[in-house]
Amino acid sequence: MNRLARKALLFAAGLLLLLFFTNNFGLIDIQKTAIVTAIGIDAAEGGRFDVTAQIAVPDASGADTAGNVTVRGTETVGGAVAELNRKTGWFPTLVHCSLILLGENIAKQDVFRALDYFLRSEYVEDSCLVALCEGSAADTLGANSPIGDLASAAIEKVLSAEAQKTGLVCVTNLRDFAKGYFSEGKSGFLPRLSPLQQAKSEGGSGQSVGGQEGGGGKAGGGENVFDASRTALFARGRQVALLETEETLAYNLAVSGTDMAYGDVRLQEGEEEVVYHLKMNIGKKSRRLRLQGGEPVLEFHIRARAQVVDASKAGTRTEIAETAIVPDAVLRAAEARFEEELRAAADKAHAGGCDLFALRQELHRFHPREYEALQGNLLDAVRIVCDIRFETMR
């Protein structure tokens, strides 16, 4: 290498170092950046929004603590994000935002007035979780969790993929909720997040979470502060119905990726009602919409195996030893309970105009000729047929 080339190389290296340390690469100074982990949106007067951002702030030990900042009465969510900069002096980046919470009052209007900003944003991932809160989103984000100071981290655990697989919650992300809204059925669902009313404090005394509605009190023993086992149903962006816990479980067992779940069945044995707690493994499941003489028919085909995990009466030694062998009467009761809850979920959805099973989309895709004639009253006219069969584990 000649002398001139060596000088040029040294000059270039020095220039790169200068640019790096003067931040001319466009790198964002972490000390001037608000790392937003979650956004909460509540309805305000006049169609405006109250927007709360949960900001992760590393402490001296390196652990994250939460700082919540609320901007009130903005016309748009995007305007609130800009206002956060003026209120905090930080640039709010949403790259790390993995949770959007909607207050229950906002579900009385089209929630996509608020969610539209996140769909447009190039920074927010479409895999971002979305949930509806009981009460306000601001109070929910203000709760303390038993696993740390970030309420968003505790909520994400409740809305985890593992919870979805076991049927405990209908997990929804921004992409899937938007797909349902813009589909033929214009419908969707969100998990409804509720604070547990009696969480144990570290001192051992029972109290409501945080001592106030939607607040937070640290719970001992690894207890969950939040419950998301109920599911809010939406049509055209508004909440129209609410599935209870057992209805949510039935929907997941029939439709979602749930492959293993636990549930109770009740059986009258003589003068005693016995509750059997079952472990259920789903083998095959399918659903399809067909036309029979012009009548729309929704068919469910489900095959599962069950095992008794516990019962409300004391079992004999033989019953305990052969717990994987479930009595036929219990299996039939499980089938009946499953069908009852699944039909209840469908009835609630269809009565509210929520196309929970994407029937309009399926009709449009596979029966285009009949679509125009049937799609208007499809939810009222559809007949449900359930083919559900439980077998014992052995």
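1. Basis. Residues are numbered from 1 along each chain as its sequence is written, and side-chain values use heavy atoms, with hydrogens and water left out. As the model is predicted, local features need pLDDT of at least 70 and side-chain atom pairs count only at pLDDT 80 or more, while totals for chains, interfaces and linings use all residues.

2. Helix pair. Helix H3 (residues 112-120) packs with helix H7 (residues 174-181) at an angle of about 125°, and their axes are 11 Å apart. Helices (H or I, at least four residues) and strands (E, at least two) are DSSP runs, numbered from the N terminus. Axes are lines fitted to C-alpha atoms, for helices over the stretch in contact, and angles run from 0 to 180 degrees between N-to-C directions. H3 and H7 are therefore oblique to each other (under 35 degrees is roughly parallel, over 145 roughly antiparallel, 65 to 115 roughly perpendicular, the rest oblique).

3. Residues between H3 and H7. From H3 come Phe 112, Leu 115, Phe 118 and Leu 119; they meet Leu 174, Phe 177, Ala 178 and Tyr 181 of H7. Contact means heavy atoms within 4.5 Å.

4. Sheet. Four strands form an open sheet of mixed pairing, in the order S12-S13-S14-S15. Strands S12 (260-269) and S15 (383-392) are the edges, each pairing on one side only. Two strands pair if DSSP finds at least two bridges between them.

5. Strand pair and packing. S12 pairs with S13 (residues 272-292) in the antiparallel sense over ten bridges. Gly 263 stands opposite Leu 278 in S13. Helix H10 (residues 328-352) packs on the sheet and touches S12, S13, S14 and S15.
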